[in-house]
Structure formats: C-alpha cells, structure tokens
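Q: Hi! I'm new to this one, could you walk me through it?

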Amino acid sequence: MRTLIFGSIRPWAPFGGGMRARSISLALARLGAVDLVVLKYPTAPDDDPPLPHFDRVHAVRDRFDIAENRKLIAESLPPWALETDYDIVWFNQERVWLTAQGLVSGRPIVDVDDLQDVVLERWLAVGTKPDGTKLTDGDRQRMTAEIGYWRGIHQQVADQAHAIVFSSEHDRRRFGFGNSVVVPNTYEKTGTVTKHRSFTPTILYQGYMEWSTNEDAALWLAEEIVPRVRQTIPDVRLLLVGAPSARVKALDSEAWIDVIGEVPDMHPYLAYADLLVAPLRVAGGTRIKILEAFAHHIPVVTTPIGAEGLDVTHGVHLLLAEQADDLAAACVTLLQHRDAARQLAEHAHDLYRRAYRPERAFAAVEDAVQLATAGAARLPARPGHSG
C-alpha cells in the first residue's frame, strides 16, 4: 500500500499537532510506503530534516489562504506525486482537504483534528477575536456566519471522504457521521525525566504559542492566573516553552517569567516543572501537552475545555477549573500539598499507560484505512451540531 499525506503541520515539529501527525504517519508507514506534502509554518526552519519513515517529501510555505495554497501546491507538485496512483490520500485537517482535494488520485481520508466551528463558538464565548481585541457586533455576525460555513464543510467531508477521523469519541458523537473513526491523541514517551532539584516552585505551559488558542492560554496564565498564585507563593516561576507570538515574547520582561521559545527536546524543561497548567479557553484539537505531563508524572491543572475528549476525572487524574481564581487556587493546592500532587500524577500516569500510548493510535489508523479501502458503504451523514 502507498499513502500520500497532505499535512499542515510538520510531523517532526516538537508540539502537540506535530506529535499527532507523527503518530499517524508512523501508523501508515507500518502498512506501506508513505509520501508527504507538507505546508510549513513561515517560521519553520528551511533545513529541518524529515523523519526517516517518509519515502518522499515535498514542502511548501503555508500562506494561510486556501486558494493561494491550492495554487501553490498544484503548481509545485513533483512528478512522483502526480504520476502515482495512491491507495490512500490522508488529509490532516479540513483546511488541507479544501486546499488539496482532487490534486492526486487515491481514496481520501480526512482527519478533522481542529473543529473550526467549535473554536469559533468558543471565541464568541470568551468575547474576543483571536488577536485579543474585543468582539464588535459585526465581528459576532461574521463569526456566526463562519460557524455555519464550517458546519457545511463537515457535511461535505463526510459525504465525499471514504473515512472521516476524529481525535475523540466526544467529537465523533458531536456530529454522528456514519463513516467516522476515532484516532485518539497519544504520546510517545522517549526516555525519562530526571527531576531537577530546585527550591523555586515552577509552573510550565508549553505549546505553539503563535497559534491563537495557545497564545490566549499563555497570556491568561501569565497575566491573571499566576499573579494570583504569587499572592500566596511569592517565589513561583512561570516557564513558557514553544514558539512564542510577539505578545507572549513580551512577557519575558517579567523577572518571574521565562519565555524559552521552540526547543528540539522538552525533557530538560519538564524536569523543572512542578505543575503543568493548561488554561485553555478556546481549543478544538489535540490535548497532547497534557498526555506528555501524564507520561512524565507531572501533575496537571487545566480547564474542562483543556481536557475535553480525554477520559479523565477531576480530583483523580488532574484538577479542573474554569475561572482564574479557581485555577490559581488549584495551583496553590498542588504546590503546597506535594503528597496530593504526587498521588494525582501517579493516577494520571497509570491512565496514560492504559489508554494513551501510540499503539492505540496505530490500531485506529488501521481501522480507518480498512474502512476506506474496503469500499464499505458509507452511512448517510447528518448535519453536525455542536454544543
């Protein structure tokens, strides 16, 4: 079997979306040869090496415009992509399907990943645009129209793809499409984290912070949540790891905040973390930063949106809260009661071992491929509804 992946994220990128893309590509490589056409972020290195399990790779710079990207890819596709009859063409995200559908031959599988209508609904609930400015009435009208557009795209994908992939049962139930498969988010643990003996309590947040949802979480953490923690624990430190936006980068002026930027290996920074805090108010895709903390025995504080789709229980695997005061109080509790924090982390690690190692994703990818290649009759898809 030969597969072509059209992706919007480098599968070797050191953040959640890259980890999901890597897991899926490894699963497909177990079934046969895999080629990759990838849209690279403008800030991604020119010479970063692809993973060895890809047979052939073609990269173009992402212009974040569907029509421009489609033209760019169509004009630059190498002969090997145009001349190959692929068994499977795997699209990472609906945006990529809109960009590249029909450019090569093969049965399409679409990994929805981020649900754009859900993300937009959450920006409406927060009351700001992705750039942090307050929503006007006109903004709300435009966002509402865009939500309707993306729900229509979900239906088109379900009607035209041989299989549609969601990252959690929660998302699959939200839409109820018959030709859908859950490929869960997983984390590949490599090595162990040796805890750094530091007397400074440290809160970690990591992710691609040029992405608006992660930027919003980082800013909320730095400007509202950790200052509340510091009222009780004055020497607490905040570590932000991952490619920063300009607004996140500016936080480095605070003596108690370290903005590290993108790193090739998270292990040295996980070693400093007493807590991972993921205060996501807007999200619709991967939760791999939480799984990474689970795998390395780091206690987690997050929001219900931050943990959405994970089979977790508040007070058993992590602590959940929605407001800044409550998130700060949860942080103080775990920083001051280390035995309780360790117990939480142990339960979370057990859950990771049972449910979120890469083998689960490998099996689910095989299910998606079997659905697509068997020519199984697709059940009628009903219009999506998100709550």
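Predicted model: local features only at pLDDT ≥ 70, side-chain atom pairs only at ≥ 80, totals over all residues.

Q: Okay, is strand 4 mostly covered or uncovered?
A: Mostly covered: six of the eight residues in strand 4 (residues 85–92) are buried. Buried means under 20% relative accessible area, exposed over 50%, and partly exposed in between, with a 1.4 Å probe and protein chains only. Strands (E, at least two residues) and helices (H or I, at least four) are DSSP runs, numbered from the N terminus.

Q: Which strands does strand 4 pair with?
A: Strand 1 (residues 2–7) pairs with strand 4 in the parallel sense over four bridges, with I5 opposite W90. Strand 5 (residues 105–111) also runs parallel to strand 4, joined by six bridges; there, I88 has R107 as its bridge partner. Two strands count as paired if DSSP finds at least two bridges between them.

Q: New topic: how many residues are in the largest nonpolar core?
A: That core has 66 residues, and I203, Y205, L238, L240 and F294 have the most contacts inside it. Helix 8 (residues 212–232) gives the most to this core, nine residues. A nonpolar core is a set of buried Ala, Val, Leu, Ile, Met, Phe, Trp, Tyr and Cys residues joined through side-chain atoms within 4.5 Å.

Q: And what does L238 touch?
A: Leaving aside residues up to four places away in sequence, L238 touches I203, L221, A222, V226, W256, I257 and D258. Contact here means heavy atoms within 4.5 Å.

Q: What about helix 13, which of its residues are buried?
A: In helix 13 (residues 338–355), the buried ones are A341, L344, A345, A348, H349, L351, Y352 and A355.

Q: Why do they line one face of the helix?
A: Seen down the axis of helix 13, its buried residues fall within an arc of 160 degrees, so they line one face. The arc is that of the directions from the helix axis to the C-beta atoms. On the other side, D339, R342 and R354 are exposed.

Q: What covers those buried residues of helix 13?
A: The cover includes helix 11 (288–295), strand 12 (300–302), strand 13 (319–320), helix 12 (324–336) and helix 14 (358–373).

Terms used: Residues numbered from 1 in each chain as written. Heavy atoms only, no water. Expected span 1.5 Å × (residues − 1).
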